[in-house]
Amino acid sequence: MKKKKYVAYVSTYTMGDKHGIKIYDVDMENGSFQEKDEVEITNSSYVSISKNKKNLYSITDFGVEAYHIKGDGGLELINHAPINGMRGCYLSTDYEDRYLFVAGYHDGKLTVLRLREDGAVGEITDEVYHKGLGSVAERNFRPHITCARMTHDNKYLLVADQGMDHVNVYRLDGVRGTLKLADVLRGDMETAPRHIKMSKDGRFIYVVHELACNITVYEYSEKKGVPHFEKIQTIETTEGKKRNYFSSASALSFSMDYQYVLASTAGENTVTIYSVDQDSGMLAKLFNLPISGDYPKDASLFPDNRHLVSLNHESNTMTFFKVDMEKHIMTMCSKDIPVDRPNCITFHELAD
């Protein structure tokens, strides 16, 4: 059987280096990367691959940029588009690749843009500003949108507001590209929802909370045109109930086969791996171990679940580990790779 080949896209802030996206060939056997190419773009806060795997979208200082993914994993610029607001921090597409959603941390603004058939970013179809006051403490006193993800049935957009401690649920008009508030998943004060992921079948929603350092699991269904979210679990991202005051949950990701969930926690500088019960959606903690770096802003299992990479935002490194799910351990397996201010990582399988 022919071995699958992958590339990894790593987004970074550009401080002296104008290349905000790094492209790496993935060494699956040894659990390491080899730099392949880099893309000139300013302050790539986040990158996301379209559902059809043909295009990659990135945040930039000037809005968003669209790229065609070439056969070898390289990126070819399609176009760029403004978002009529401050620089975004997160973006994703709907499940039909008709719309691009951009989350704005700084201005609390959600922007919807139409996508064209060739993957280019088109006009803005809706703009939603979150309003209100959260807990009057440090940064959490006004809206900060950190994530926007569609449910798998392509009906509802879940929008995490870190400043307001809740997740807004919007119904998407698939023709007009407009949003209407349908529900609100309210969290406890100063929990700060950060990222949202869905199970493979879309029945379960996972929300990681930055300040509370936990993951809340919801079971999702729709009844008579109304979305329902039942909270079924809350589980810590840290080891034990006590945590460092400076700890903050920073990333949440599924393994490519959806058998495992990974969460990273800054301050403690650890990653936690959970197994996923495919029937109930519940998480079971396997282990919590250090990542040999400072502020793991993102982390991900390799596609084969045998290795792990951590993007250490403050120590400017990527660190690599061999993972043994049965023994619940991981060991460093290759040399650190220096990279300035890494933000997020996504793997892409190359076509034969």
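**A ring and its partners**

Phe-33 is buried, since its relative accessible area is 7%, where buried means under 20% relative accessible area, exposed means over 50% and partly exposed lies in between, with a 1.4 Å probe and protein chains only. Before I go further, please keep in mind that this is a predicted model, in which local features need pLDDT of at least 70 and side-chain atom pairs count only at pLDDT 80 or more, while totals for chains, interfaces and linings use all residues. Residues are numbered from 1 along each chain as its sequence is written, and side-chain values use heavy atoms, with hydrogens and water left out.

A pair of aromatic rings is described by the distance of the centres and the angle of the planes. The rule here is that rings of Phe, Tyr and Trp (its six-membered ring) pair if their centres lie within 6.5 Å, and that planes under 30 degrees apart count as stacked, over 60 as edge-to-face and the rest as tilted. By this rule the count comes to 11 aromatic pairs. In one of them, the centres of the Phe-33 and Phe-320 rings are 5.0 Å apart and the planes stand at 80°, so this pair is edge-to-face. Distant parts of the chain are linked by the pair, with Phe-33 in strand S3 (residues 32-39) and Phe-320 in strand S26 (residues 317-324), 287 residues apart; strands are DSSP runs of E of at least two residues, helices are runs of H or I of at least four, and both are numbered from the N terminus. Phe-320 counts as buried, at 0% relative accessibility.

Phe-33 also forms an edge-to-face pair with Phe-347, at 6.0 Å centre to centre and with 70° between the planes. This pair, too, links distant parts of the chain, as Phe-347 is in strand S28 (residues 342-349), 314 residues from Phe-33. Phe-347 is buried as well, with a relative accessible area of 10%. Which residues do the ring pairs link into a cluster? They are Tyr-24, Phe-33, Phe-302, Phe-320 and Phe-347.

**Two further residues**

Ile-205, which lies in strand S17 (residues 204-209), counts as buried at 0% relative accessibility. Leaving aside residues up to four places away in sequence, Ile-205 touches several residues, including Leu-158, Met-198, Tyr-218 and Phe-229, where contact means heavy atoms within 4.5 Å. Ser-11, found in strand S1 (residues 6-12), is likewise buried, at 0% relative accessibility. With the neighbours up to four places away again not counted, Ser-11 touches residues among them Gly-20, Tyr-46, Arg-341 and Cys-344.

**The whole chain**

Turning to the overall picture, the protein has zero helices and 28 strands. Buried residues make up 58% of its 352 residues, and, of the contacts between residues at least 6 apart in sequence, 48% join residues at least 24 apart. Along its principal axes, the C-alpha trace spans about 50 × 45 × 40 Å.
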